[in-house]
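Q: Hey, can you walk me through this structure? I'd like to start with the contacts.

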Amino acid sequence: MISDVRVPFEHRLPYGAAYEQMLEKVRYEGAYPTRERADEAVRLVLSGLGRQLTGDERVDLAACLPLEAARVLTAQIPDPQPLTGWKFVKDLAARSGASLATTRWDTGSVFAAVAAHAGPDLIARILRQLPGGWALLFGQAELAPAAA
């Protein structure tokens, strides 16, 4: 459960400059009308991602992100069985009460900013750790091995 998503924006502590820049990137990528809406998307998606990632990839991603984003990611206990990309979107939609289309949009917008912070090598490692369907969420093609 994401408890801090519903806290009114004016009651939250001020953010660091790096997180503010991340919010602006998410706001731009997602065409959100306000930074508050971008912040909601970041918190929802990073909380979900925190339930999926384990090991060095989780630690390395947290180290790349602004402090506020890293806290959201690492506050979650990883699920023992990671979800496919599609099930991840469905899970986030159920938790937030948003439509699947809105949740998919939020996911892509946030992951664009995450990828900018993490870089292609770490994103490739993350995608290797997760089940199928995640590459598309990060805006990448998901290539299947050739049939023999």
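Q: Leaving aside neighbours within four places in sequence, which residues is Trp-134 in contact with?
A: In this predicted model, Trp-134 is in contact with Leu-49, Gln-52, Leu-83, Thr-84, Gly-85, Phe-88, Phe-111, Leu-127 and Glu-142. Contact means heavy atoms within 4.5 Å.

Q: OK, and which aromatic cluster is Trp-134 part of?
A: Trp-134 forms one with Phe-88, Phe-111 and Phe-138. Rings of Phe, Tyr and Trp (its six-membered ring) pair if their centres lie within 6.5 Å; planes under 30 degrees apart count as stacked, over 60 as edge-to-face and the rest as tilted.

Q: How are Phe-111 and Phe-138 arranged as a pair?
A: They're stacked, 4.1 Å centre to centre with 0° between the planes.

Q: Buried or exposed, those two, Phe-111 and Phe-138?
A: Both are buried, meaning under 20% relative accessible area, with exposed over 50% and partly exposed in between (1.4 Å probe, protein chains only).

Q: New topic: how far can I trust the model, going by mean pLDDT?
A: pLDDT is the predictor's confidence in each residue, from 0 to 100. The chain's mean is 90, and 86% of its residues reach 70 or more. Over residues 1–7, though, pLDDT stays under 50.

Q: How many aromatic pairs does the structure hold?
A: Four.

Technical notes:
Residues numbered from 1 in each chain as written. Predicted model: local features only at pLDDT ≥ 70, side-chain atom pairs only at ≥ 80, totals over all residues. Heavy atoms only, no water.
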